[in-house]
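Me: I would like to learn how to read a structure step by step. Please show me each feature in turn.

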Amino acid sequence: MASYRIRQYREQDYDAVRTLFARGILEHASAGYRHVLRSARAQLGLLVLFAAVRTVVGYWVLGLGAVALALVAIWLLVRSFSTSYVRQALSTDLCDIPTSYLRAPDSCFWVAEAGGAVVGMVAVAPPQDPAERGAALELKRMSVSRDYRGRGISKALCGEVLRFARARGYGAVVLSTSMVQVAAQRLYEGQGFRKVGAFSPSLLGTLLCFQIFQYRCDLPGRAAASPH
Ligand SMILES: CC(C)(COP(=O)(O)OP(=O)(O)OC[C@H]1O[C@@H](n2cnc3c(N)ncnc32)[C@H](O)[C@@H]1OP(=O)(O)O)[C@@H](O)C(=O)NCCC(=O)NCCS
């Protein structure tokens, strides 16, 4: 098994990091699709659509055609969630990583390197949520290349973030992940994070029963709510 090392991001990692991030997000689109189709709301909607077209047009085969079209539309919708999230990240913080994470206060960006290639990444920064600012840091952009999974790389990357936050006197590390990112949920729970909230990112997310989970890891020996 090839060994790896964790180091700070360098300019030459730019393309590898952006590709790794995009792949890590887009691979969850199919799980998101399955999740939506398993929901009672989606199944009822498809049944109603079939019955309505069958009744109005009079041919059950057209009812099936309408259901097939709806399935394609749902897939495109779910996939557009992932692609727009990736596009947004690549055009904001992951567009200029040194400015976003290396020169910004209380921020950092690490990669895991193996055989001269970038195989893992993670970032830390002050949280978006103003209520958490000063008291916690946010873990972001965790991803490990498929060929290097199951070797403890994400645990090591998570450890860097927790040590970084502790060294700067923060009381907690927070993060968000989606309900279909099951490996990530197990990873964070194993590293001391607990689920503290869940929300739908949009009205469409609510309709599709899609939620974002919020996690928090309180750092021992620190006053979690004290301002930094
Ligand atoms: C989640 C992810 C980062 C895990 O990376 P990894 O290097 O394979 O994880 P590790 O080998 O360090 O394993 C850490 C823990 O994660 C959990 N885990 C990892 N893969 C898992 C899987 N397929 N199923 C369930 N749990 C899993 C386990 O709890 C594991 O601990 P254990 O080995 O003691 O059981 C990786 O699967 C990934 O990049 N996924 C796509 C991007 C993503 O979802 N990122 C998270 C953004 S919030």
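This is a predicted model: local features need pLDDT of at least 70, side-chain atom pairs count only at pLDDT 80 or more; totals for chains, interfaces and linings use all residues.

Me: What percentage of the residues in the chain is buried?

Reply: Of the 228 residues in the chain, 27% are buried. A residue counts as buried if 20 or more other C-beta atoms lie within 10 Å of its own.

Me: Which share of the contacts joins residues at least 24 apart?

Reply: Begin with the contacts between residues at least 6 apart in sequence; 66% of these join residues at least 24 apart.

Me: How are two packed helices described?

Reply: Two numbers are given for such a pair: the angle between the axes and the distance between them. Take helix 1 (residues 14-26) and helix 4, whose axes are 9 Å apart at an angle of about 160 degrees. Angles over 145 degrees count as roughly antiparallel, and therefore helix 1 and helix 4 are roughly antiparallel to each other. The crossing of helix 1 past helix 4 is right-handed.

Me: Which residues of helix 1 and helix 4 meet?

Reply: From helix 1 come Arg18, Phe21, Ala22, Ile25 and Leu26, and they meet Ser82, Tyr85, Val86, Ala89 and Leu90 in helix 4. By class, this contact has eight nonpolar residues, one polar and one charged.

Me: At what angle do the axes of helix 2 and helix 4 cross?

Reply: Helix 2 (residues 29-38) and helix 4 (residues 60-91) cross at roughly 135 degrees, and their axes come within 9 Å. Helix 2 and helix 4 are therefore oblique to each other. Their crossing is right-handed. On the helix 2 side the residues are Ala29, Gly32, Tyr33 and Val36; on the helix 4 side they are Ile74, Trp75, Val78, Arg79, Phe81 and Ser82. Seven residues of this contact are nonpolar, two are polar and one is charged.

Me: How do I read the pair of helix 3 and helix 4?

Reply: Use the angle and the distance again. The axes of helix 3 and helix 4 come within 8 Å and cross at roughly 145 degrees. Helix 3 passes helix 4 in a right-handed crossing. Helix 3 brings Leu46, Leu49, Phe50, Val53, Arg54 and Val57 to the contact, while helix 4 brings Trp60, Leu62, Gly63, Leu64, Ala66, Val67 and Ala70. These residues divide into 11 nonpolar, one polar and one charged.

Me: Where is arginine 54, and what is it in contact with?

Reply: Arginine 54 lies in helix 3 (residues 40-57). With neighbours within four places in sequence left aside, arginine 54 is in contact with Trp60 and Gly63. Arginine 54 and leucine 64 are 10 residues apart in sequence, and their C-alpha atoms are 8.4 Å apart in space. Arginine 54 is partly exposed, because 16 other C-beta atoms lie within 10 Å.

Me: Is arginine 141 buried or exposed?

Reply: Arginine 141 has 22 other C-beta atoms within 10 Å, so it is buried. Its place is in strand 4. Phi of arginine 141 is also positive, near 60 degrees, and arginine 141 is not a glycine.

Me: Which residues come nearest to the ligand?

Reply: There are 19 residues around the ligand, and Gly24, Arg149, Ser154, Ala183 and Leu187 come nearest. Strand 4 (136-144), helix 6 (153-167) and helix 7 (182-190) each supply at least two residues of this shell. Helix 7 gives the largest share, six residues. By class, the shell has seven nonpolar residues, eight polar and four charged.

Definitions and conventions:
Residues are numbered from 1 along each chain as its sequence is written. A residue is near a molecule or strand if its C-beta atom, placed from the backbone, lies within 6 Å of it. Helices (H or I, at least four residues) and strands (E, at least two) are DSSP runs, numbered from the N terminus. Ala, Val, Leu, Ile, Met, Phe, Trp, Tyr, Cys and Pro count as nonpolar, Asp, Glu, Lys and Arg as charged, and the others, Gly among them, as polar. A residue is buried if 20 or more other C-beta atoms lie within 10 Å of its own, exposed if 12 or fewer, and partly exposed in between; C-beta atoms are placed from the backbone. Two residues are in contact if their C-beta atoms, placed from the backbone, lie within 7 Å. Axes are lines fitted to C-alpha atoms, for helices over the stretch in contact, and angles run from 0 to 180 degrees between N-to-C directions. Angles under 35 degrees count as roughly parallel, over 145 as roughly antiparallel, 65 to 115 as roughly perpendicular and the rest as oblique. A crossing is left-handed if the near helix is turned anticlockwise from the far one by less than a right angle, and right-handed if clockwise.
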